[in-house]
Amino acid sequence: MYKIIITKNSLNLKRASLLYWFPKTRYLSVPQPKTYICRISKKDIEYALATENNAFVNRLKKCANLLGYPLFMKTDYTSNKYDWLNCPYVTNEVTLIRNLRNIIKYSKRFIEYPINAIILREMLK
């Protein structure tokens, strides 16, 4: 039996990002959830971890309100879907902030992928 090891260097990171593939698929004639892409800077990431009242978090709240709750949240690379209630599944504004912080912490701690955007998607039924 062979063991396959995938490292950061063996992946084409650019193509793994939703920012790369979503524009190529969004106009296909298949059902897709409504999607809001909120670009995030390193400074915004640090502010989001430190306080609830900053420009990025306020923009994210506006997008979430337009989309409606519940919603699915992820970075452009990961969602930590295995911690469903504390990361990607957002039921209201309070869980939006908490889960945003959890996804950022998860991405920074366990995943070596950069965080270029926070993605909000309509919850599929």
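**Exercise 1. How do the residues of the lining of the largest pocket divide into nonpolar, polar and charged?**

Some ground rules: this is a predicted model, where local features need pLDDT of at least 70, side-chain atom pairs count only at pLDDT 80 or more, and totals for chains, interfaces and linings use all residues. Residues are numbered from 1 along each chain as its sequence is written, and side-chain values use heavy atoms, with hydrogens and water left out.

*Solution.* Start with the term: a pocket is an open set of points on a 1 Å grid over the protein atoms alone, where a 1.4 Å probe fits, with protein on both sides within 12 Å along at least five of seven lines; lining residues have an atom within 4 Å of a point. Next, list the lining: K42, I45, E46, S107, K108, Y113, P114, I115 and N116. Sorting them gives four nonpolar, two polar and three charged residues.

**Exercise 2. Which residues of helix 3 are buried?**

*Solution.* Apply the cut-offs: buried is under 20% relative accessible area, exposed over 50%, partly exposed in between (1.4 Å probe, protein chains only). D44, I45 and A48 are the buried residues. They lie on the same side of helix 3 because they cover an arc of only 105° around the axis. On the other side, K42, K43 and A50 are exposed.

**Exercise 3. Find the salt bridge that K108 forms.**

*Solution.* Look for a side-chain nitrogen of Lys or Arg within 4 Å of a carboxyl oxygen of Asp or Glu. K108 pairs with E46, with the closest N and O atoms 2.9 Å apart. This pair joins helix 5 to helix 3, 62 residues apart.

Notes. Ala, Val, Leu, Ile, Met, Phe, Trp, Tyr, Cys and Pro count as nonpolar, Asp, Glu, Lys and Arg as charged, and the others, Gly among them, as polar. Helices (H or I, at least four residues) and strands (E, at least two) are DSSP runs, numbered from the N terminus. The arc is that of the directions from the helix axis to the C-beta atoms.
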